[in-house]
Structure formats: C-alpha cells, structure tokens
Amino acid sequence: MDNGDWGHRMSSPVTLNVGGCLYTTSLSTLQRYPDSMLGAMFRGDFPTTRDSQGNYFIDRDGTLFRYILNFLRTSELTLPLDFTETDLLRKEADFYQIEPLIQCLNDPKPLYPPDIFEQVVELSSTRKLSKYSNPVAVIITQLTITTKVHGLLEGISNNFTKWNKHMMDTRDCQVSFTFGPCDHHQEVSLRVLLMDYIMKQGFTIRNTRVHHMSERANENTVEHHWTFCRPAHKVED
C-alpha cells in the first residue's frame, strides 16, 4: 500500500454502532491513542463484531461514547456544566483504556472561570419509519427543544408562530417545546430554521448522536439529537 492509499484509508469514514447509537469518524481518530483498546481494535489486534448493517458493533453505553469520541478528536475533555455521570464515564474510559482521558477524569479542571457557566439547548428529531415500504417511508416526525434558557424559548415561541407546537415542563426546571406531528419535508425545513435561530443566539453545536429503536413489528424509530452550548455570566443574587 503506497502513502496515498494509506492516507486515504486513515481519513476514510468509519461507522460504529455503540449500544444502538451510530457514530461516524475517521480511522485516524480511533487510533489516536495506539495503546488504547480502540487503537488495538482498529489495528487488527482485537477481533471485531459487525451489526446487520455492517457497522462495527461495541456493546457499551452509546450515549456516553460521544464524550469518548470528542476526546479522541480534540484530546480535551469537555462536559456540560450539569453533567452528572462522571463515574459512569470513568468506567467507559477505563474500558477503552484511554489513559489521558482517565487522568482528566481523575483530575478535572473547570471548563470556565468561576463567574461563567454554560447554557445548554437540546434539539431532537424523532422519526417513525415504515419497515415494509420501498423506499423506506417516514410515517411521522416531530422536533423537540429542551433548555433552561427561557428567553430562547420565548423567542422561538414568538418567531415560529405558524408551526403547531406545545410546551411542557420537564425535570430540573427545564422546559420543552415540541413541534409536530409533521411530515418529513416540514420537519427538515423547520429543523434548518431552528438550528439557524439557535446559533444566531450565540450557541454552537457541541455534539450530535443518533439512536435507532424498534418499537413495533411494522415500524422503526430513529432519534437524532443535537446539543448546543454557549457561555454566560452568572448573575449575583
């Protein structure tokens, strides 16, 4: 294999199914730490398992893997301010044997100065797909925004008046707006507008993830999640 072929292979996309969540990255990212389990796995030292779609399968916590993958990409540990699963993430880091990440989790450093905190917005898209139509048909979709930033929700309420939506309180003083049900084309159009509006308020995308579920014999559910963050100054009482 010449250098060009090797470089192409290292940068080619690799899709992993981690506990039902799909992630796409490059081979070079997975091999960033050669002594880790992932480094050995994608070097050919460990046997690999594939799912029914041909993706590499790892039977671990799929949601927490986004933090593992982001660390492999940047060599920095970045967690939401209200993150409460450090012990579980530490177990995942130990499983993957990523020593620098284990050290970061054992000696965490604050992400922001004491007078700064992180505001978080979660956007999720839920699609129910027919199993038996060809091509696959989207039966129903809906979009949900969840955040503690009530000013952002008020702005969305005022700027997206033509869309069918309802609001509900969730845990930890968070509030959710759910749009829909709507068809696939409406969902795509609305999602683009919502993401643009959120980012214009100073938020940036922290991470994304996909989760596949099979609830009924004739349909699948696919959930796409986007996490947006922005720093904000603490207000003195």
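1. Helices (H or I, at least four residues) and strands (E, at least two) are DSSP runs, numbered from the N terminus. Keep in mind that this is a predicted model: local features need pLDDT of at least 70, side-chain atom pairs count only at pLDDT 80 or more, and totals for chains, interfaces and linings use all residues. Residue numbers start from 1 along each chain as its sequence is written, and side-chain values use heavy atoms, without hydrogens or water.

2. On confidence: pLDDT (the predictor's confidence in each residue, from 0 to 100) averages 81 over the protein chain, with 81% of the residues at 70 or above.

3. Of its 30 residues, Leu16, Leu38, Phe42, Phe65 and Tyr96 touch the most other members. Helix H4 (65-74) is among the elements that give two or more residues, and H4 gives the most, six.

4. Phe42 is worth a look: beyond four places in sequence, its contacts (heavy atoms within 4.5 Å) are Val14, Leu16, Leu27, Leu30, Gln31 and Tyr56. A second, separate core has 21 residues, including Leu153 and Phe160.

5. Check Glu187 too, in helix H8 (residues 184-200). Glu187 is buried, at 0% relative accessible area. Leaving aside neighbours within four places in sequence, its contacts include Ser125, Arg127 and Thr141.

Key:
A nonpolar core is a set of buried Ala, Val, Leu, Ile, Met, Phe, Trp, Tyr and Cys residues joined through side-chain atoms within 4.5 Å. Buried means under 20% relative accessible area, exposed over 50%, partly exposed in between (1.4 Å probe, protein chains only).
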